[in-house]
Amino acid sequence: MPPEQPQNTQKRDLLLEIQAKSQKKWKDEKVFESDAPTDVVSTPENKFYGNFPYPYMNGLLHLGHAFSLSKLEFAAAYSRMQGKHTLFPFAFHCTGMPIKAAADKLNRECEKFGCPPQFPAPEDVAPKEEAPKAEDGKDPTKFKGKKTKAVAKSGTEVYQWNILKSSGIDEAELPKFRDSVHWLRFFPPIGKEDVNLMGCGVDWRRSFITTDLNPYYDSFVRWQLNTMYTQKKCVKDKRFSVYSAVDGQPCADHDRATGEGVLPQDYTLIKMEALELPGKLAALEGKKVYLCAATLRPETMIGQTNYWILPDGDYGAYQMIDDEVFIVAARAARNLSFQDKTEVFGEAVCLLELKGSDMIGLPVKSPTAIYERIYGLPMLTILMNKGTGIVTSVPSDAPDDYMAMQDLKNKEPMRKKFGVEDSWIMPFVPQEIINIPEFGNICAEKVCVDLKIQSQNDRAKLDEAKHRTYLKGFTEGVMIAGPYKGLPVKEAKPKLREEMVAAKQAVIYSEPEKPVMSRSGDECVVALTNQWYLTYGEEEWLAECRKCLSKMNCYSDETRKAFEQALGWLQQWAVSRSFGLGTKLPFDPEYVIESLSDSTIYMAYYTIAHILQEGDMYSDIPGAHPIDPKLMTHEVYDYIFLDKAKPANHGLDEAKLALMKREFNFWYPFDLRVSGKDLIQNHLSFSMYTHTAIFEEKHWPRGFRCNGHLMLNGEKMSKSTGNFKTLRQAIGEYSSDAMRIALADAGDGLEDANFVEKTADANILRLNKEMIWIEEVLAPSAGLREGPPSTFADRVFLAEMKMAVSVTEQFYNAFNFRDALKSCWFDLQGARDTYRFSCGAHGMNKGLVEYYVELQTLMMTPIAPHTMQHIWNVLLKREGNIVLEKFPTVDVTPEDSNLQNAGRHMQEEISTLRGLIQKMETPRKPKKGQPAEVAGKVASAVLFIKPQFDGWHKTCLDVLAAKFDSAARTFAPDTDAAVLTALSEDETAKANVQGGEKMLKKLAMPFVKFTKDKALSIGPHVLQERLPFDELAVFRENADLMKTALGLESLTAFLTTDAEAKAAPASVGMDAALPGNPARFLELEVKQDKAQVEASISELEKDPNVQKYLKLVEDLKKLQTS
């Protein structure tokens, strides 16, 4: 293969050069620093405060961060151009376990493998793929997707050393990351640089890091939790929590490597007492031995006929408290050991290892079952990673149990295979315990018969059976057996559970809903821990959150529904941790506040951070700032944020205290918080809860805008696969503006968006091409037409620009940035290109061209500010910062819309005629033995224009207009039915259509569909009886342009109602004309020279049929002569 040619990066480098100059100008002039004015009361109309979840500082910012961040950046930039006081702060999150866990993991690696570590080679040699060579002078902001030699040698285990090394950090620096504080010093400054390179309009004076390393933010978080504590919204109690045994504390969402959002799943653990201890179990003689099964349906245990066991499953007999022995799977025993069920917390002592086959046929007493003695039977589908590995069997109400029992009863070979005696199963039948409407007293049998389920292996049908019966059984079922006979199941269930637990017939057991791995590398359990909890889900507090949500702008129905769902299930949340980075609980300093709980109202801290920290994100040097952190007491924060009495002897400078209060009152509440959709279930909902608890209603959040995740080239971003790009990499490869345009173009909704590298590359070319065109067209030698706009093309282009401003403004206001980009960039350039062609030899109007450049530059500034700054200063030769210019305003009139539609209609007609002409001028392929057709030339065209709709067309349009919602751009669901009804009642229309009503409907419905689609795409004017513009005048005024575009010698247009049209030779087909869709007559001229004619005659004379005809003619002549 030839060597790869170096890529030409001149165009990209020009954008980077422009980017650097623009950013320096903004920084030097401090254009993004925003202070609360002294003489203005804030309103949504004059103030915009937006924020973004501060990124976690255990690595570099990547394109996923940039995608969400871009939404806030575009919104803030647009608000600034609206003339609003605009605040866009940014900080860095360092709280919690991820950094601590990573530092500890690195430390363990160095202790075990040396420093630098020599990792063991994998047992199986990997494919012979040459690893990339290490390079000197690595840039820590560049991510390398391919595996290094060290990673390759380490096998499948991912070592922290290699993770950091793959980020480009110099190997000599890596040992410093064994100290978690070094992470806090290393990554935030790089993050700040990257956000600056992106061109974000951040007020960096307000930046900070979290944890007690920053004494100011530490005091703020202590005030927050203390406030919730005094409100009794933070309580201490024993609760089930997902727990990391390695970390020795609950494992919150941000502390997890996998399993974010997974909660504890509570079960009732049924204690089935072993009545005999045969065989291997004899070693447990003299002990109270229970086989324990986890169930979500304790009310059905009355009908238990047996229990199921996995013959090859690994079980154990574990010592529990009260001198009891539980036989369960090891995973369940481990969970139980963290739930106060063993003598030592976290230690499950196994007395005897067992196989499931050891318990087949073992008789037990189930506490509430009708049968006094039931037996263990084999089931091969039991999952050992869920529950205890022992499953209760209630064949009356569980379809799986019913079919498994039937299989075992009907298949003697199966019973023999597992040594099942008939007495263990044959006498047992389903018991009537619950009546369910539609399914009777034994619902499992009924639903299995209805669905024709053949065996326990019919998985899909059994799932459907459970879906039909379980929920209905709980909501509508009535107990017909047991102590609560006659009581609805939903009332009997908690009573039965409580009684069984109280009688020590059962225990409460919990485990994670799904597997959860901590960042420390262990599989989490559910532990019963004495923790501080925030009482999320409490009835009155939840009502306040729902009130907040109802008044908030969520920007999409999907986002609002996601919040409603999250608020519905969110319950008490463990707020404290035993160790990790963060702030100590002010009322119990033994504990550290976990990472999601110190991140809920820091948006309020932004409003005063610049006064406290003066732009120093760490502020950890005592005496470095005028305000002593110790003076920021709870009472001072109460005064600033809650409008409580000013504390006496506060020790603060009065002016600064007043300034902090003014800053908060002006900027709060925030107007927008942008985030990925994954934070709805925790961080964003927590933020809503905390705001409603602490602040007055007037300071509750005004808006949350959520987006999907970002894919890269249609695939999930992943470091392990190499399909990953850091923010700085993307900017270096494409420039900030080309990347920002690609991010805007990636999408706006909750569905996952896609960053396409080819699109970013194309943006480099498009930005350069636009700058070159602007420079050329604004040059004195460009030869533009002077004077006011005068032609049809001028008027249409002006209308297109005004409509583009109006539409773009609407999209920006709705924060639909992809549509805004399409309108002010792609569509407007398309209108410009059409105008340029339409002007022809007359040339473009100078004033309109300059107006176009100005409008596009201003409208594109929120998305591509660097290039627009260059165009503004250098090409348009305007002064100042374009990011502070006002967004353009226009006065759009109905005439502008009509002109826009007229211009587009003419272009559509040119396109239609071009296709027809090409088809007519292309000779048909000759048949075998036939001469080739001679190509013709369409020289003229006649258009017949119908001025208005009539007949059945008008009937259809009247119905469509009545059924169209212009605001929502939708038709009513019954539109088609209403059209058919109207046509059925139109006797005149039926009489005028050959074939009557049936043919009328056949003709009408395609017209209806076409018109509906057009109304949805371009607007309701297509539903009018007449077009909103003079179609005939448009074609006649632009006949020369259309002739030039189509290469015609003549083009004539008539109204179908004119006498001259009816006299025209081509008028035969003009009845097909409709408003907006003329009837067209094209004249094809075929010119042949003498040689072509003689050749054609010669070919014809050879044709046998022609020869017969000629002989017949000759014979007739002779006959006439005689």
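This is a predicted model: local features need pLDDT of at least 70, side-chain atom pairs count only at pLDDT 80 or more; totals for chains, interfaces and linings use all residues.

Colleague: What do the side chains of D218 and R222 form?

Modeller: A salt bridge is a side-chain nitrogen of Lys or Arg within 4 Å of a carboxyl oxygen of Asp or Glu. The side chains of D218 and R222 meet in one, at 3.2 Å from N to O.

Colleague: Is D218 buried or exposed?

Modeller: Buried means under 20% relative accessible area, exposed over 50%, and partly exposed in between (1.4 Å probe, protein chains only). D218 is buried, at 11%, whereas R222 is partly exposed, at 28%.

Colleague: How many salt bridges does a search of the whole structure find?

Modeller: The search finds 67. Among them, R459 and D463 bridge at 3.2 Å; both residues lie in helix 12 (residues 459-476), four residues apart. D463 is partly exposed at 39% relative accessibility, and R459 is partly exposed at 35%. K822 and D827 form another, with their closest N and O atoms 2.9 Å apart. Salt bridges also link E33, D35, D203, R205, R206 and E663 in a network.

Colleague: Which residues of helix 29 are buried?

Modeller: In helix 29 (residues 975-984), T975, V979, A982 and L983 are buried. Seen down the helix axis, these buried residues fall within an arc of 100 degrees, so they line one face of helix 29; the arc is that of the directions from the helix axis to the C-beta atoms. They pack against helix 28 (951-963), strand 31 (970-971), helix 30 (987-992) and helix 31 (996-1018), where contact means heavy atoms within 4.5 Å.

Colleague: What is the order of the three strands in the open sheet?

Modeller: Strands of a sheet pair through backbone hydrogen bonds, either parallel or antiparallel. Here the order is 21-23-22, with antiparallel pairing. Strand 21 (576-577) and strand 22 (584-585) are the edge strands, each pairing on one side only. Two strands pair if DSSP finds at least two bridges between them; strand 22 and strand 23 (residues 588-593) pair over two bridges. K584 stands opposite V592 in strand 23.

Technical notes: Residues are numbered from 1 along each chain as its sequence is written. Side-chain values use heavy atoms; hydrogens and water are left out.
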